[in-house]
Amino acid sequence: SFRFNRKLIQPKALIEAEDVLMSLSFIVILYIYIGTIISSNTNFVQGTLIIQYMVFGLSPIVILWYLKASFKDSLGIKIPSIVGLFGGLWVWVGAFSVVVLYQLLITPFVSQAPTLIELEQQMKELSPLHLFLLLALTPGVCEELLFRGFALRPLENKLGPKWAILITSLAFAMVHLDFIRLIPTFILGLAFG
């Protein structure tokens, strides 16, 4: 659907699945390059916030605007019901439990990387509120916007819910660029999907 002249693009509810796959590829490449530049020029907190909001938050919005897709339909923005909130909480608790169990099982086989130790030191200096904003709220908003809003709906429309959830969960796991946490991140992606 991408055209050099935006005037030729017709407004629509959702973008095409092919546009999603191409956009995800572009966003991952952008994330790797911008992430490398930003992380070498800023501290952990600033770098994380810039990357999350610029790459994962702003990119899908710009693409939806350019392709004249409905933000409401594409992102699935709606107020959740109380039942949905509690159901989501239980799914998260179950998925998080599986992830913690996996990490406990794999920890003895994985040595600590120096970058993780440095990251841990930087995180100890943050207040609980800053940690919540940095590690829970910001990725929750930006990554969910990208993977469960922008990407999931068009793929679900074209391929059905099972394939859409599998593809977005795999992309979600791969974009975290951590081989050791690939499986738990994939499991969380499935639960979120």
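Student: Which residues make the nonpolar surface patch?

Tutor: First, the conventions. This is a predicted model, in which local features need pLDDT of at least 70 and side-chain atom pairs count only at pLDDT 80 or more, while totals for chains, interfaces and linings use all residues. Residues are numbered from 1 along each chain as its sequence is written, and side-chain values use heavy atoms, with hydrogens and water left out. A patch is made of residues with over 30% relative accessible area and no salt bridge, nonpolar side chains (Val, Leu, Ile, Met, Phe, Trp, Tyr) being joined within 5 Å and like charges within 9 Å; areas come from the Shrake-Rupley method with a 1.4 Å probe, and for residues only the protein chains shown count as cover. Here Ile82, Leu85, Phe86, Leu89, Trp90, Trp92, Val93, Phe96, Val100, Leu104 and Phe192 make a patch of about 1,100 Å². Helix α4 (residues 82-106) gives the largest share, 10 residues.

Student: How many salt bridges does the structure hold?

Tutor: Side chains of opposite charge can pair when their charged atoms come close. A salt bridge places a side-chain nitrogen of Lys or Arg within 4 Å of a carboxyl oxygen of Asp or Glu. The structure holds 2. Lys158 and Glu18 meet at 3.0 Å, N to O; this pair links helix α6 to helix α1 (residues 17-41), 140 residues apart. Glu144 and Arg148 meet at 2.8 Å, N to O.

Student: Why are Glu144 and Arg148 separated by about one helical turn?

Tutor: Because they lie 4 residues apart in helix α6. Helices are DSSP runs (H or I, at least four residues), numbered from the N terminus.

Definitions and conventions
Helix = DSSP H or I, 4+ residues; strand = E, 2+ residues; numbered from the N terminus.
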